[in-house]
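Please read them with the structure open.

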Amino acid sequence: MTSTPPAASTRGPEPTSLPVFRKTLIYGSYLALGIAIVGAILGWIFAGGPGVISALIGTAMALVFMGVTAGSLLVANRYAGSEAAIGGFFGIVMGGWLLKFIVFIVLVFLLKDQAWLNNVVLFLSIIAGVVGSLVVDVVVLAKSRVPYVSDVKLPEAPQHD
């Protein structure tokens, strides 16, 4: 019985930064769940129904913005590996950040002065999400085992006759 070898991948090896971004997305999702629960409880206590809605919207905004950052880096890493693709990598990352900025500005204008929202709870939920995502980034990066020089192909050793 012969076994067929697995198909060779056309892409290079997976960049060492991908597990870091995946963990950031996973831990960030847990953080967002916690902020949504605590924010909804505190929103209900201090502002009633609009407080709950505001906390959930603020948490969703923070989660989406964190996800766009890590997601754009995960997608952009698919194009990393060659000098010709550097522009594509940075284009994807900067496009993600530009998208976040535009969406944030649009949401601020759409949500301001809405009677069904509590602006303080919304603001505090967004701030908790942003600060929390920064803490998640630091913790994940500090605990990850990424070599100082990663994804580098060293030259072959000289052959002596």
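1. Residue classes come first: Ala, Val, Leu, Ile, Met, Phe, Trp, Tyr, Cys and Pro count as nonpolar, Asp, Glu, Lys and Arg as charged, and the others, Gly among them, as polar. By that scheme the lining of the largest cavity has six nonpolar, four polar and no charged residues.

2. On provenance: this is a predicted model, where local features need pLDDT of at least 70, side-chain atom pairs count only at pLDDT 80 or more, and totals for chains, interfaces and linings use all residues. Residues are numbered from 1 along each chain as its sequence is written, and side-chain values use heavy atoms, with hydrogens and water left out.

3. The cavity itself. On a 1 Å grid over the protein atoms alone, a cavity is a set of points where a 1.4 Å probe fits but cannot get out; a pocket is an open set with protein on both sides within 12 Å along at least five of seven lines; lining residues have an atom within 4 Å of a point. Grid points are joined across faces, edges and corners, and a volume is the space filled by probe spheres set on the points. The structure holds one cavity of 30 Å³ or more. Helices α1, α2 and α4 each supply at least two of the lining residues.

4. The second largest pocket holds about 340 Å³ of space. Its lining counts 18 residues, of which T24, M66, T69, S133 and D137 are the closest to its centre. Again α1, α2 and α4 each supply at least two lining residues. By class there are eleven nonpolar, five polar and two charged residues.

5. Helix α1 covers residues 18–47, 30 residues in all. Helices are DSSP runs (H or I, at least four residues), numbered from the N terminus. From first C-alpha to last, α1 reaches 41 Å, close to the 44 Å expected at 1.5 Å a residue; the expected span is 1.5 Å times one less than the number of residues. After α1 comes G48, with a positive phi near 70°.

6. Which residues of α1 are buried? Buried means under 20% relative accessible area, exposed over 50%, partly exposed in between (1.4 Å probe, protein chains only). The buried set in α1 is L18, V20, F21, T24, G28, A32, I35, A36, G39, A40 and G43. These buried residues pack against α2 (49–76) and α4 (119–143).

7. S54 lies in helix α2. S54 counts as buried because its relative accessibility is 0%. Contact means heavy atoms within 4.5 Å. Leaving aside neighbours within four places in sequence, S54 is in contact with L117, N118, V121, L122 and S125.

8. There are two aromatic pairs. Rings of Phe, Tyr and Trp (its six-membered ring) pair if their centres lie within 6.5 Å; planes under 30 degrees apart count as stacked, over 60 as edge-to-face and the rest as tilted. F65 and F104 are edge-to-face, 6.0 Å centre to centre with 70° between the planes. This pair links distant parts of the chain, F65 in α2 and F104 in α3 (residues 86–111), 39 residues apart. F65 is buried at 14% relative accessibility, whereas F104 is partly exposed at 30%.

9. F89 and F90 form an edge-to-face pair too, 5.1 Å centre to centre with 90° between the planes. F89 is buried at 18%; F90 is partly exposed at 48%.
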